[in-house]
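Subject: Structure for your review

Dear colleague,

Please find below the structure I promised to hand over, with its sequence. My findings follow directly after it.

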Amino acid sequence: MQESSLFLTHRRSTRAALVALALIAIFLFSAALGMAPVSRAALLAAGDDSTTGAANSAAPLKAVIIVGPTHGLTASNKDRGIALANQAESLGMDVRRVFHPNATWSNVLANIQGAHLVAYFGHGNGWPSPYGPFQEKTKNGFGLNPFEGAGQNNVEYYGANKIRANVTLASNAVVLLNHLCYAAGNGESFMAIPTWDVARQRVDNFAAGFLAVGAGAVFAYTSQSVDSVLSALFGTDKTMADIFTTAGSKPQPYFGFVGWNPRKFDSERMPGFRNFLDPHVDSGFQRALSGKLNLSTAEWRNGVEGGTTPPGEEDPTPPPAVDTTPPSAPGNLTTESLGYRRVKLTWEASTDNQPGTIKYRVLRNGKRIATVTSLSFTDRPANPGTYRYKVRAVDAAGNMSTFSAIVEGYSIKGKL
């Protein structure tokens, strides 16, 4: 269980007072004997924790792990939070756990101040979304327990405005947003993959509140675990962009850098910072990084102000021009029954305003069944019958065409 902030404050104040009285006595005694005064190093060695963490080089970096109520995903998010907290402790961090069912706003505030690492697992409430109008009293922040002991279906949102007004992080703190909607660009699981412009706005908006209170980097991963980020922060000398562009070791392509069509954008909400999006052609926007992309792990570990681009130097990978023009719809979709439950689909190629590979998504009865680069696909439904097919094109920038006309295909059990 977490100790109350009142108890911790009282204990630290008492300790500081005792240390101060002892040092005064030493000073008076040494002065009487003609000895040198007590140095600042001696003060630090004596354990005066009224000094700041930056001044006391022996103080461990502080991590706050927050797990909010997330309906049916609460238990799995809590497991992830526990694992990350244990990992942070093994790396020598001062770890504060603010877990459901006690992940209230007051408990977050009692623990988050001055944190060097903040990890949040829970619901995401971002913008743009269907839940207008835009405001940041509840959006782009945390989804927490409204009171201690609340159920996993009872969520209260504390948005970016509340973070700006009440939270101060350590300079260049790293924030990890894991398994929440909107923060990395995609919306909720039932929503279509957004356009580049919508995804960029969502990422920029969700990171802005954290960057405003001291964060230097905000990693937003919808599915990929964030434990690799923590390992890299302590075990490598890389930039935040280097960490973000590290390939994954798991079979899902978005469990590490995808590299299909990554783009960087200047932040509109926080000028001077940048957003880095790394979408997947089929899964959409599941990974994002915001902040000082060239902030180094050494600068983060040592509390050094850094991460800015030196005057006269350019970002080595400037963002390409944004392509927002979708390709044309595939034309003349036809079907052919081949027997043995096989239905062959063919269509005419789409055109696009930019060079690059065009992919085609094939849908049967409204559900996607394949993504191909060819102009044909042979479907094999599990059962014979009549099916409705349509196809849409996706260009290299992720822009999607309108659908082709819907055509029927006939799956026949045996030989024609």
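Helix 6 is largely enclosed by the rest of the structure, because 13 of its 17 residues are buried. Please note that this is a predicted model. The helix covers residues 196–212. From its first C-alpha to its last it reaches 24 Å, close to the 24 Å expected at 1.5 Å a residue. Just after helix 6 comes glycine 214, which takes a positive phi of about 125°.

The side chains of arginine 200 and aspartate 197 meet at 2.9 Å, N to O. The two partners are placed as follows: arginine 200 counts as buried, with 10% relative accessibility, whereas aspartate 197 is partly exposed at 38%.

Salt bridges elsewhere

The count for the structure comes to 11 salt bridges. Side chains of opposite charge can pair when their charged atoms come close. One of the bridges joins glutamate 136 to arginine 164, with the closest N and O atoms 3.0 Å apart. Glutamate 136 sits in the loop between strand 3 (117–121) and strand 4 (142–144), and arginine 164 sits in helix 5 (residues 160–166), so the pair ties together parts that are 28 residues apart in sequence. Glutamate 136 is buried, since its relative accessible area of 6% is under 20%. Arginine 164, by contrast, is partly exposed, with a relative accessible area of 30%.

Another salt bridge brings together the side chains of arginine 274 and aspartate 266, at 3.0 Å from N to O. Here arginine 274 counts as buried at 13% relative accessibility, while aspartate 266 is exposed, with a relative accessible area of 54%.

Cavities

How many cavities of 30 Å³ or more does the structure hold? There are 2. The largest cavity has a volume of about 90 Å³. It is lined by 15 residues, of which Ile193, Trp260, His280, Phe285 and Gly398 are the closest to its centre. Sorted by class, the lining of the largest cavity consists of 10 nonpolar, 4 polar and 1 charged residues.

By class, the lining of the second largest cavity divides into 9 nonpolar and 1 polar residues, with no charged residue.

Yours sincerely

Methods
Residues numbered from 1 in each chain as written. Predicted model: local features only at pLDDT ≥ 70, side-chain atom pairs only at ≥ 80, totals over all residues. Heavy atoms only, no water. Helix = DSSP H or I, 4+ residues; strand = E, 2+ residues; numbered from the N terminus. Expected span 1.5 Å × (residues − 1). Buried < 20%, exposed > 50% of the residue type's maximum accessible area, 1.4 Å probe, protein only. Salt bridge = Lys/Arg side-chain N within 4 Å of Asp/Glu carboxyl O. 1 Å grid on protein atoms, 1.4 Å probe; cavity = no way out; pocket = protein on both sides within 12 Å on 5 of 7 lines; lining within 4 Å. Points joined across faces, edges and corners; volume = space filled by probe spheres on them. Nonpolar A, V, L, I, M, F, W, Y, C, P; charged D, E, K, R; others polar.
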